[in-house]
Amino acid sequence: MEPSEHLFRQESGRIVAALSRIFGLDNLALAEDVTQDVFCRALEVWKLRGVPHNPPAWLMKAARNRAIDVLRRERTARNLVPELGRLLNSEWTMVATVNDLFGAETIKDDQLRMMFSCCDRSLSEDAQVALTLRLQCGFTTAEIAGAFLSKNASIEKRIERGKKVLANSKRLFDFGDAELPARLSAVHRTLYLMFNEGYHGASREMPVRAELCNEAMRLAALLLENARVATPATHALCALMYLHAARLPARVDANGNLVPLARQDRALWNRTLIARGNELLDRSASGSELSEYHVEAAIASLHSGAATDDDTDWDRLLWLYDILIRIRPSPVIALNRAIAVAQRDGPESGIAAIGAIPASDQLASYPFLPAALGELELRAGRVERARNHFEAAAALARSPMERRFLELRVEAARGEPQR
Amino acid sequence: MSEYVFLYRGGGRPESPAEGEKVMQKWIAWMQDLETNGHLKDRGQPLEGEGKVVRGKQRSITDGPYAESKDIVGGYTLIEAKDLVQAAELAGGCPIFDREGLVEVRPVMKM
């Protein structure tokens, strides 16, 4: 069997969770070191001996053996988890206890609890995302910094601070805790941010970002497996991710250039993911709760059901945007709504709607505000104004791919042939 | 056909598991190639980086095997090849060279 390309991403989260349950959350660094070591050794063995039939089982067994070694060596030197201390301190019960803790169901539970531990409200949203990527997905500091265009040092600081907060609680988050609903919202938000960052930034220059989407989807699917946290909002969040992921193959053309939704080749959209997304969206409607994820998923579903951009039900889309803005007022959402207004009522109405966006100064450095104005001016036949807007947008580009896309729009507004 | 031992020296540890997976994939492809072409006699074993060296009439024991990590043998494989020239050629496909390691090719002594 070929190992999955993301074997480490998948398994490191499980191993770190199991080990930190055994060593205690205040010994996270030890759990991480052991995990890293298990994996490096696995690769050394596999590269000569070949990959075993069941790589995850092989890794788990190796991790369990290493945990036992570490306990024999360090149990007198460290304060281990009080709840397990007695069982782990006695040679009679230690091996059996560790074996139990490496049971498949226990690990699944620990991994979920770790996800909730990472979303502690005393941490910023950015820190929660960074900590999740480190502890649940095995991202290195450099990989996280690369994905978020940050400096290694600032990511390292964020993670270290996060680990200190986790160490204070010593134990993994308990699902019996009254804080569960609030924590679940924070987990949703973290996975949503992870997915979004990946979705909008994935490109040939930054392949690591596509992994953010995969990882967010993988972790969200774990929430679906546990009845206590598989709420309507969890279903809606998963629906949203599937429906957006379905469009990924059409987001970038053969030359690596960004393709906006209206011009995407809809034949490239992944029908299986769309069907799965719609199914999850149906199931998300089981309660009375209407989250922002419900509305965003409904918007994505509406786009995915339209055969062409012109076939989009703009009335319904605007209705959905109005609900979304009520739930989560945001100038970016208002901008998307204004673009939908333009599609329905023409460019002049769209320009007016953009002008009426409240708190639009928050979008001062957002390239797609001037880019949208450029599109609408172009459609209204005012080429000169369109070009000025596109030039302003290109100057704000946050990635090479965005810059290339916006420079092509500048050329389009010059009347030069489009590449 | 004669037998040769490939001794893998150095090559370092990967920076991240993601990178390690890529390196491993290359090794697996290379090994697969050797096997398909009938050159792989025994896949061999990877070796721990640590060890002891026992030397001299005194049997003095020191931590080993070498002070220089680039010289440490990290594993071995038993190969079948027509002659030393072909064996060396086969060794040239080893991914260890991407990571500044080397392959020592040694003929197994014949009876």
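This briefing covers a helix pair in chain A and the interface of chain A with chain B. The model is predicted. In chain A, helices α16 and α17 have axes that come within 10 Å. Chain A and chain B bury about 1,900 Å² between them, and 1 salt bridge is found across their interface.

**Helix pair in chain A**

- Two packed helices are described by the angle between their axes and the distance between the axes.
- Helix α16(A) covers residues 314–327 and helix α17(A) covers residues 331–345.
- Their axes cross at roughly 160 degrees; angles over 145 degrees count as roughly antiparallel, and α16(A) and α17(A) are therefore roughly antiparallel to each other.
- The crossing in which α16(A) passes α17(A) is left-handed.
- On the α16(A) side, the contact is made by Trp314(A), Asp315(A), Leu317(A), Leu318(A), Tyr321(A), Asp322(A), Leu324(A) and Ile325(A).
- On the α17(A) side, these residues meet Ile333(A), Ala334(A), Asn336(A), Arg337(A), Ala340(A), Val341(A), Gln343(A) and Arg344(A).
- By type, the residues of this contact comprise 10 nonpolar, 2 polar and 4 charged.

**Interface of chain A and chain B**

- Chain A contributes 24 residues to the contact, and chain B contributes 21 residues.
- Of the area buried between the two chains, 60% lies on carbon and sulfur atoms.
- Lys47(A), Leu48(A) and Arg49(A) account for 38% of the area that chain A buries against chain B, more than any other three residues.

**Salt bridge**

- Arg41(A) and Glu48(B) form a salt bridge through their side chains, with an N to O distance of 2.4 Å.

Key
Residues numbered from 1 in each chain as written. Chains lettered and ligands numbered in written order. Predicted model: local features only at pLDDT ≥ 70, side-chain atom pairs only at ≥ 80, totals over all residues. Heavy atoms only, no water. Axes fitted to C-alpha atoms, helices over the stretch in contact; angles between N-to-C directions. Helix = DSSP H or I, 4+ residues; strand = E, 2+ residues; numbered from the N terminus. Parallel < 35°, antiparallel > 145°, perpendicular 65-115°, else oblique. Left-handed = near helix turned anticlockwise from the far one by under 90°. Contact = heavy atoms within 4.5 Å. Nonpolar A, V, L, I, M, F, W, Y, C, P; charged D, E, K, R; others polar. Buried area = accessible area lost by both parts, 1.4 Å probe. Salt bridge = Lys/Arg side-chain N within 4 Å of Asp/Glu carboxyl O.
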